[in-house]
Amino acid sequence: MKTDLVVDTKGMACPMPIVKAKKALDGLAQGQIMEVQSTDKGSVNDFQAWVKQTKHELLSYEEDKGIYKFFVKKI
């Protein structure tokens, strides 16, 4: 998936992946896509809840060798 920004939060624990993602997303224009990389297992639930709360769109997420990748579209 083509992304406009990649945010690396690997090694960070809750709530830092969300904090970093929010700050990064604030700098994007509407319709742009951000990829967030995390090693925090809890980030799966955190990102699903966060996008519902903020009304952004979680396009997809995947896990590969302990790294979670979230693709969020700014609405």
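**Exercise 1. Two helices**

At roughly what angle do the axes of α1 and helix α2 cross, and within what distance do they come? Work out how the two helices pack against each other.

*Before starting.* This is a predicted model, in which local features need pLDDT of at least 70 and side-chain atom pairs count only at pLDDT 80 or more, while totals for chains, interfaces and linings use all residues. Residues are numbered from 1 along each chain as its sequence is written, and side-chain values use heavy atoms, with hydrogens and water left out.

*Solution.* 

Step 1. Find the elements: helices (H or I, at least four residues) and strands (E, at least two) are DSSP runs, numbered from the N terminus. Helix α1 covers 16-26, and α2 covers residues 43-54.

Step 2. Take the axes, which are lines fitted to C-alpha atoms, for helices over the stretch in contact, with angles from 0 to 180 degrees between N-to-C directions. The axes of α1 and α2 come within 10 Å and cross at roughly 40 degrees. This makes α1 oblique to α2 (under 35 degrees is roughly parallel, over 145 roughly antiparallel, 65 to 115 roughly perpendicular, and the rest oblique).

Step 3. List the contacts, meaning heavy atoms within 4.5 Å. From α1, Pro17, Ile18, Ala21, Lys22 and Leu25 meet Asp46, Phe47 and Trp50 of α2. By class, this contact has six nonpolar, no polar and two charged residues. Here Ala, Val, Leu, Ile, Met, Phe, Trp, Tyr, Cys and Pro count as nonpolar, Asp, Glu, Lys and Arg as charged, and the others, Gly among them, as polar.

**Exercise 2. The sheet**

In what order do the four strands of the open sheet stand? Then place the helices on the sheet.

*Solution.* 

Step 1. Two strands pair if DSSP finds at least two bridges between them. The strand order is β1-β2-β4-β3, and the pairing is mixed.

Step 2. Look at the edges: β1 and β3 each have a single partner strand, so one side of each has no neighbour in the sheet. From one strand to the next, the twist averages 20 degrees.

Step 3. α1 lies across β1, β2 and β4, and runs at about 160 degrees to β2. α2 packs on the sheet too, touching β2, β3 and β4, and its direction makes about 5 degrees with that of β4.

Step 4. Check the pairs around β4. Six bridges pair β2 with β4 in the antiparallel sense, and Met34 has Val72 as its bridge partner in β4. Strand β3 (residues 57-64) and strand β4 (residues 67-73) are also antiparallel, joined by seven bridges. In that pair, Glu62 has Lys69 as its bridge partner, and Tyr61 stands opposite Phe70.

**Exercise 3. Backbone details in the loops**

Which peptide bond is cis, and which residues other than glycine have a positive phi?

*Solution.* 

Step 1. The cis bond joins Cys14 and Pro15, with omega about 5 degrees. Pro15 belongs to the loop between β1 and α1.

Step 2. Lys55, in the loop between α2 and β3, has a positive phi near 70 degrees. Lys55 is exposed, at 62% relative accessible area (exposed means over 50%, buried under 20%, partly exposed in between, with a 1.4 Å probe and protein chains only).

Step 3. Lys65 has a positive phi of about 55 degrees. This residue sits in the turn of the hairpin that β3 and β4 form with two residues between them, and Lys65 is exposed at 79%.
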